[in-house]
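Open the model in your viewer and keep the selection tool at hand. The tour goes from stop to stop, saying what to select and what is there.

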Amino acid sequence: MKYELDYKKFWEENEKCFEPFSTNKPRVPVKLPFDDHFLFEEMKVESTIRYYKDREYRLKLHKLCNDRMEQAIGIRHFHEKEDMKASPNRFEVIMGARWEYSEGGTPWLESSVKDIDDVKELIKRAEKLDMEKEAFPEEWYAEKEQLEKTKGIKPDYGSRGHRGPATMATSILGTENTCIFIMEEPEVMKEFFEVLTEKMVEYHKALLKISNSELKPGYWITDDNCYLFPPKQYEQFCAPFIERIFREFAPGPEDSRYQHSDSAMGHLMPILNDLGVNNVNFGPTIHPAEIRKAMPKAVIHGQMPPFTLRNGSAEEIIETVKRDIDAVGADGGLVATTAGSIAAGTPFDNIKVFLWAVNEYGRY
């Protein structure tokens, strides 16, 4: 059987399907979270380091991948234009982490912290940081001025979101260190998370101050490593960060408060519910019915396991789509997507099956 759709019609209809907790819409909406891992595999990228450091090369690959994607499933996902070469400095780097690059992989953030005394020094340094000065490299200002003069374009950094407190801590302090310190050095870690919170707020305000964005309030958090925290420690160290961030950037009960954590972090769902998280994308080991029980007011983005979508048969993909819809689709609070990003190497034919199944079984 061929699982083909009129994709122009499908994506036009999809735009009408995102009203949360409403069945007054055509069907369950779909999101396809492609990322650089998918692009590298699809395009057989010769140099991942060049991809990240050569803008023209990167945009060329985006266009070529979009051409394939459009032909297969009717969308162009990767951006093909970047107004500026320079970017704001990464928050974790400002706070003390450093970038590491390796051929064949994606960049990651590495810590220089060796012991708790290093953390104490990091806190002292961070307290003195002026985020309006630290947020942008020197070359950014010259390029921004040139762009505004020649094209009348003001940079847009209005997207309110960032990696979450647990994952940032593992990048800045090291994963093993973070796990040890939250258990053995709670007072120092309390100070660390307090300064992390204050500087994150300052950082976002610095970006918004120069932004051209007219986005409504809302905030997204990606926090894969939150699963490392027991509930007590998560509530002690991470919850105050999230509460403050939402208060600053998503204060209204209707504002989007999105948490992505594609790990086995189901033990934290009651805390996230109490914090008012209302959009979630959790790990593939968590059943959608579990999420709905723990977080009755949250829109569930999921729960197709990425490896089922990549490696599964058409029947397995369809059954998983039906499982999610049967479990939590009836209340209108489901967005059909993967529990995490679409895995590298996922065939377009399997994505077609996924889209077909939502179109077939997700109608209201």
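A cavity is found on a 1 Å grid over the protein atoms alone: it is a set of points where a 1.4 Å probe fits but cannot get out, and its lining residues have an atom within 4 Å of a point. Grid points are joined across faces, edges and corners, and a volume is the space filled by probe spheres set on the points. This is a predicted model, in which local features need pLDDT of at least 70 and side-chain atom pairs count only at pLDDT 80 or more, while totals for chains, interfaces and linings use all residues. Residues are numbered from 1 along each chain as its sequence is written, and side-chain values use heavy atoms, with hydrogens and water left out.

**Stop 1: the cavity**

How many cavities of 30 Å³ or more are there? The count is one. For the largest cavity, the volume is about 50 Å³. Select Gly302, Met304, Thr320, Val321, Asp324, Ile325, Leu334, Ala336, Phe354 and Val358, which line the largest cavity. This lining divides into seven nonpolar residues, two polar and one charged (Ala, Val, Leu, Ile, Met, Phe, Trp, Tyr, Cys and Pro count as nonpolar, Asp, Glu, Lys and Arg as charged, the others, Gly among them, as polar).

Now colour by helix and strand; these are DSSP runs, numbered from the N terminus (helices H or I, at least four residues; strands E, at least two). Strand S7 (299–304), helix H16 (314–328), strand S8 (334–338) and helix H17 (348–361) each supply at least two residues of the lining. H16 gives the largest share, four residues.

**Stop 2: the nonpolar core**

A nonpolar core is a set of buried Ala, Val, Leu, Ile, Met, Phe, Trp, Tyr and Cys residues joined through side-chain atoms within 4.5 Å. Buried means under 20% relative accessible area, exposed over 50%, and partly exposed in between (1.4 Å probe, protein chains only). The largest core has 108 residues, and Leu32, Phe34, Ile73, Phe192, Phe354 and Leu355 have the most contacts inside it. Helix H11 (residues 186–209) supplies the largest share of this core, 11 residues.

Select Phe34 next. Beyond its neighbours within four places in sequence, Phe34 is in contact (heavy atoms within 4.5 Å) with Met69, Ile73, Ile75, His77, Phe78, Ile342 and Ile351.

**Stop 3: helix H9**

Select residues 165–173, helix H9: nine of its nine residues are buried. Glycine 174 follows H9 and has a positive phi, near 100 degrees.

**Stop 4: salt bridges**

A salt bridge is a side-chain nitrogen of Lys or Arg within 4 Å of a carboxyl oxygen of Asp or Glu. The structure holds 29 of them.

Select glutamate 12 and lysine 8, whose closest N and O atoms are 2.7 Å apart. Both lie in helix H1 (residues 7–14), four residues apart, about one turn of the helix. Glutamate 12 is partly exposed at 44%, and lysine 8 is exposed at 61%.

Then select arginine 163 and glutamate 92, a salt bridge of 2.9 Å, N to O. Arginine 163 is in strand S3 (residues 161–163) and glutamate 92 in helix H5 (residues 91–94), so this pair ties together parts that are 71 residues apart in sequence. Is glutamate 92 buried or exposed? Glutamate 92 is buried, at 0% relative accessibility.

Notes. 1 Å grid on protein atoms, 1.4 Å probe; cavity = no way out; pocket = protein on both sides within 12 Å on 5 of 7 lines; lining within 4 Å.
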